[in-house]
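Here are my notes on the model, point by point. Please read them with the structure open.

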Amino acid sequence: MDSLTKKSYELRRDIIEMIYNSKAGHVGGDLSVIDILTVLYYKVLNTSPDSRKDPDRDRFIMSKGHCTDALYAVLGDRGYFDKQEAIKTFSAFNSRFIGHPNTDVPGIEMNSGSLGHGIALGVGMALAAKLDGRSYRTYVVLGDGEMAEGSNYEAMMAASHYKLDNLCATVDLNGLQISGLTKEVLSSDDLGEKFRAFGWNVIDVQDGNSCPGLLDGYKLAAEFKGKPSVVIAHTVKGKGVSFMENKKGWHHGVLTEEQYTQAVKELEEVLL
Amino acid sequence: MNKIANRQVICDVLTEAAKKDKDILVVCSDSRGSAALTPFADQYPEQFIELGIAEQNLVTVSAGLASCGKKVFAASPASFLSTRSYEQAKVDVAYSGTNVTLIGISGGVSYGALGMTHHSCQDIASMASLPGMRVYLPSDRFQTARLIEALLKDEKPAYVRVSRSATEDVYEEHMEFTLDKANIISEGKDAVIIACGEMVPYAVEAQKKLTEKGLSVGVIDMYCIKPIDQEAIIKAAKNAKHVVTVEEHAPHGGLGSITAQIVSANCPGKVINLSLPDGHIIGGTNKEIFQYYGLDSEGIAKAIEKEME
């Protein structure tokens, strides 16, 4: 197993711990997006706890903010704060680790949680980089259910109008949302075609839970000039825990003791 | 008669400031003409960003720019800015505390006969209820200039509403101005009129009419709706028999509501709220609309006289 994949499974273990402790969170989406976050925070983003005020750091926006549990796991692991604090206090009274990203947590660039804001925030950040002649890049992670928000399409138009090749979106396309299959709730078939129609460079990553595959996708995005890029990552909701995979009920499900034990066992078997 | 609208003054102040500060950005949603910001766009194209008819995007992109150190002035008709992009104002500007000044142009019933889609008679209520958002309705061109100069010096979110047409001068060019302190235009023992925005010149005129009739009437220009100058309200309410608020806004959640809240908590007394109705507004020019609803000087004076009887 490569080191990135190993890391993503260690982080899955942290997520399960956080979710089990708090009886809160969005475990299904956390497990589908964690490989994307692992690749970004360990290989792609030019940012670190020491450079978090540096104007040249890369920017990251978690547009699907309800999966902040996964983001807390990665940021804590990268040393932005004590990871155990996040695991133990996530969603607890007066904790800074609330259920959506907020800037009281070191490493979080912008507040999020209401869907459909991330691309537009990214457009602002990427435009600022162009205006200032800075080389930093801006990355935004979205959910596929989130793509029903119309504000995304306003921002997609602006990004291509301004040729923001320093902007890279990722869609965590796990095919499920709270009410069921995304294609049944409100079909967003041919999401790549939609981005293409709005003037974006589209990179399809067939296994969006494969860290090496994602890394290749981000390399292509960084090399592409003249248009913003989107990585369409075909993921599995609940990936890594057999009884959660592709089950809509795990959108924000809470684990029983038995399920927790089973989930931990499965993840640790992968790590052996 | 002054012919310079407040929106033109905003353009002048920003154009002057942009000479020395490359971080000042003006962002528009196909609204540069309506906002009188075309001269800025022509002179500083590299500091002007056009986002097309997309107000939600206007506000969130502005927040993204501000998070990278830009001083952003986002201008769009008040009707759309305060409702279409309300959630963006709530999350990306107010909650995130970004350095964005939202400029609501053609506020209130500025668009006259264009009707309810284009009126913004709820923007004080909507914007003032957002934690972290400041709300300003300057009255004349001189106060507008001082306000924008002051906002250029801080880095906090704000919403500024200005009207479309030129308003009568209330002040002189080098007026005294302190951010978040109301301008006390006159003091009175019988009644005090607390007004904001375009209503202030009418309030001043009403005060003159009433003075001629032997009444002692004061006028407070409460351009700062949030944070509101509580001290000025309490002092005036204690001195005068009647408190009358005048606003180009719906009756709920605006200057009248906020004033009544302060008066009832500190020096309980009756607050009379002159405002637009809670309903469809009649078509016409803004002046005709003000007259119809008793928001011109005649209407204000009559309402106060009636109260004094």
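1. A:Thr235 has contacts (heavy atoms within 4.5 Å) with A:Ser32, A:Ile36, A:Asp172, A:Leu173, A:Asn174, A:Gly208 and A:Asn209, leaving out residues up to four places away in sequence. A:Thr235 sits in the loop between strand 7 (229-234) and helix 10 (257-271) of chain A. Helices (H or I, at least four residues) and strands (E, at least two) are DSSP runs, numbered from the N terminus. With a relative accessible area of 7%, A:Thr235 is buried. Buried means under 20% relative accessible area, exposed over 50%, and partly exposed in between, with a 1.4 Å probe and protein chains only. The A:Thr235 side chain also reaches the backbone nitrogen of A:Asn174 at 3.4 Å.

2. Basis of these notes. This is a predicted model, where local features need pLDDT of at least 70 and side-chain atom pairs count only at pLDDT 80 or more, while totals for chains, interfaces and linings use all residues. Residues are numbered from 1 along each chain as its sequence is written, chains are lettered from A and ligands numbered from 1 in the order in which they are written, and side-chain values use heavy atoms, with hydrogens and water left out.

3. Confidence. The predictor assigns the complex an ipTM of 0.95 and a pTM of 0.96. Chain B has an average pLDDT of 97, and 100% of the residues score at least 70. The pLDDT is the predictor's confidence in each residue, from 0 to 100.

4. Main core. A nonpolar core is a set of buried Ala, Val, Leu, Ile, Met, Phe, Trp, Tyr and Cys residues joined through side-chain atoms within 4.5 Å. The largest one has 114 residues. A:Val123, A:Phe195, B:Leu102 and B:Met222 have the most contacts inside it. Helix 5 (residues 118-132) of chain A gives the largest share of this core, nine residues. Domain 1 (6-161) and domain 2 (183-308) of chain B both contribute residues, so this core lies between them. Leaving out residues up to four places away in sequence, A:Val123 touches A:Ala155, A:Ala158, A:Ala159, A:Leu164, A:Leu167 and B:Val61. A second, separate core has 56 residues, among them A:Ile108, A:Tyr139, A:Leu214 and A:Met244.

5. Domains of chain B. The bounds come from an automatic or database domain assignment. How far apart are the C-alpha centres of domain 1 and domain 2 of chain B? They lie 26 Å apart. In contact are 27 residues of domain 1 and 28 residues of domain 2.

6. Helix 7 (residues 141-152) of chain B. Its twelve residues reach 17 Å from first C-alpha to last, close to the 16 Å expected at 1.5 Å a residue. The expected span is 1.5 Å times one less than the number of residues. Ten of the twelve residues are buried, including B:Phe142, B:Leu147, B:Ile148 and B:Leu151. At the start of the helix, a side-chain oxygen of B:Asp140 comes to within 3.1 Å of the backbone nitrogen of B:Phe142.

7. Helix 8 (residues 199-212) of chain B. Its 14 residues should span 20 Å at 1.5 Å a residue, and the end C-alpha atoms are 20 Å apart, which agrees. Buried residues include B:Met199, B:Tyr202, B:Ala206 and B:Leu210. The buried residues of helix 8 pack against several elements of chain B, among them strand 7 (183-186), strand 8 (191-195) and helix 12 (297-308). B:Gly214 follows the helix, with a positive phi near 90°.

8. B:Gln56. This residue belongs to helix 3 (residues 55-67) of chain B. At 19% relative accessibility, B:Gln56 counts as buried. Its side chain makes a polar contact of 3.1 Å with that of B:Gln88. A polar contact is a pair of N or O atoms within 3.5 Å; within protein, one must be able to donate a hydrogen and the other to accept it, and residues adjacent in sequence count only if both atoms are side-chain atoms. Beyond its neighbours within four places in sequence, B:Gln56 contacts residues including A:Ser151, A:Glu154 and B:Arg84.

9. Backbone points to check. A:Lys163 is not a glycine, yet has a positive phi of about 50°; at 52% relative accessibility it counts as exposed. B:Ser106, also not a glycine, has a positive phi of about 50°. Is B:Ser106 buried or exposed? B:Ser106 is buried, at 0% relative accessible area. A cis peptide bond, omega about 0°, joins B:Lys226 and B:Pro227. B:Pro227 lies in the loop between strand 10 (224-226) and helix 9 (230-239) of chain B.
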